[in-house]
Amino acid sequence: MLVSQVFDAGLAGVLGLMIGSFLNVVIYRLPKIMERQWAAECAELAGKDLPQAETFNLVLPRSRCQKCGHQIRWHENIPVLSYLFLRGKCSACSTPISPRYPLVELTTGALFFYCVWSWGATPMGLVWCGFSAAIVALAMIDWDTTLLPDSITQPLLWAGLIAAALKWNNVPLADALWGAIAGYLALWLVYWSFKLVTGKEGMGFGDFKLYAALGAWFGWTALVPIILMASVIGAIIGIALKFSAGLREGGYVPFGPFLAAAGLTAMIFGPQSILRSVGL
């Protein structure tokens, strides 16, 4: 039994490494795809024609070095191993490759390993793998661009409701439904209250949708532990960035990555363990 568990989890970990490699593409390209769509919509409304651009999606063009344009060959795109073999540099121009690429791969692989180790090669284990992949992508995209794409948050929310309906995540469907509703409305109210008092926008609408998705996956009872953990993580990282002069222009830190981190914490340790850790 243990051998089978280790084998299944190991296979899931390898799959996670490959999914993590694809997530690196999603993290980099999806915001650019969105920007192109917005530019096309603005041009259409203005009655202008945009020049014909190169096909750009999650598949085409093939990955290349952002500095010299060297096309990445298959043996240079093996998760983690290629980074180590290339010593973290482009094989053509020796430009350093960000260590974030293998870190995303390793993180996704570790999360897939954990999910299948905990829930087996079952529908429950697989849906939590999917949840982990979406959360990693959202956290990194929001950190880079302050965007939380609807093309990920909305399917994540629906997946949580469907998983609850099929009893694949141990959350009653009613709890998942009210979790989605309460999660969205809670941050929506915070947003408008802050804006009415200060005249500024304290967060984006993507945060509402991500919190709603977390409510769908964990149920309404998990919303307080999740927002508490996200706030604690956000405060710690925000203070660290301030003292290290790492804050971006305007001193703005996106909230989505901290919600994502709280969601992964809830998945691994359980929402109620967050409250116990702070004595509640």
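User: Why is Lys195 called partly exposed in this predicted model?

Analyst: The relative accessibility of Lys195 is 26%. Buried would need a value under 20% and exposed one over 50%, so Lys195 counts as partly exposed.

User: What makes Glu201 and Lys195 a salt bridge?

Analyst: The closest N and O atoms of Glu201 and Lys195 are 3.5 Å apart. The cut-off is 4 Å between a side-chain nitrogen of Lys or Arg and a carboxyl oxygen of Asp or Glu, so the pair qualifies as a salt bridge. By this rule the count comes to 4 salt bridges.

User: Why are Asp150 and Lys209 said to tie together separate parts of the chain?

Analyst: The side chains of Asp150 and Lys209 meet in a salt bridge, at 2.7 Å from N to O. Asp150 lies in helix H5 and Lys209 in helix H7 (residues 205-218), so the bridge ties together parts that are 59 residues apart in sequence.

User: Is Asp150 buried, partly exposed or exposed, and how do you know?

Analyst: Asp150 has a relative accessible area of 34%. That value lies between the limits of 20% and 50%, so Asp150 is partly exposed.

User: Which parts of the chain does the salt bridge of Asp144 with Arg100 link?

Analyst: In this salt bridge the closest N and O atoms are 2.7 Å apart. Asp144 is partly exposed because its relative accessibility is 36%, and Arg100 is partly exposed because its relative accessible area is 30%.

User: What makes H5 roughly antiparallel to H6?

Analyst: The axes of H5 and helix H6 (residues 173-198) come within 8 Å and cross at roughly 160°. Angles over 145 degrees count as roughly antiparallel, so H5 is roughly antiparallel to H6. H5 passes H6 in a left-handed crossing.

User: Which residues of H5 and H6 meet, and what classes are they?

Analyst: On the H5 side they are Leu157, Leu161, Ala164 and Ala165, and on the H6 side Leu173, Ala176, Leu177 and Ala180. By class, this contact has 8 nonpolar, no polar and no charged residues. Ala and Leu both count as nonpolar.

How values were computed
Residues numbered from 1 in each chain as written. Predicted model: local features only at pLDDT ≥ 70, side-chain atom pairs only at ≥ 80, totals over all residues. Heavy atoms only, no water. Buried < 20%, exposed > 50% of the residue type's maximum accessible area, 1.4 Å probe, protein only. Helix = DSSP H or I, 4+ residues; strand = E, 2+ residues; numbered from the N terminus. Axes fitted to C-alpha atoms, helices over the stretch in contact; angles between N-to-C directions. Parallel < 35°, antiparallel > 145°, perpendicular 65-115°, else oblique. Left-handed = near helix turned anticlockwise from the far one by under 90°. Contact = heavy atoms within 4.5 Å.
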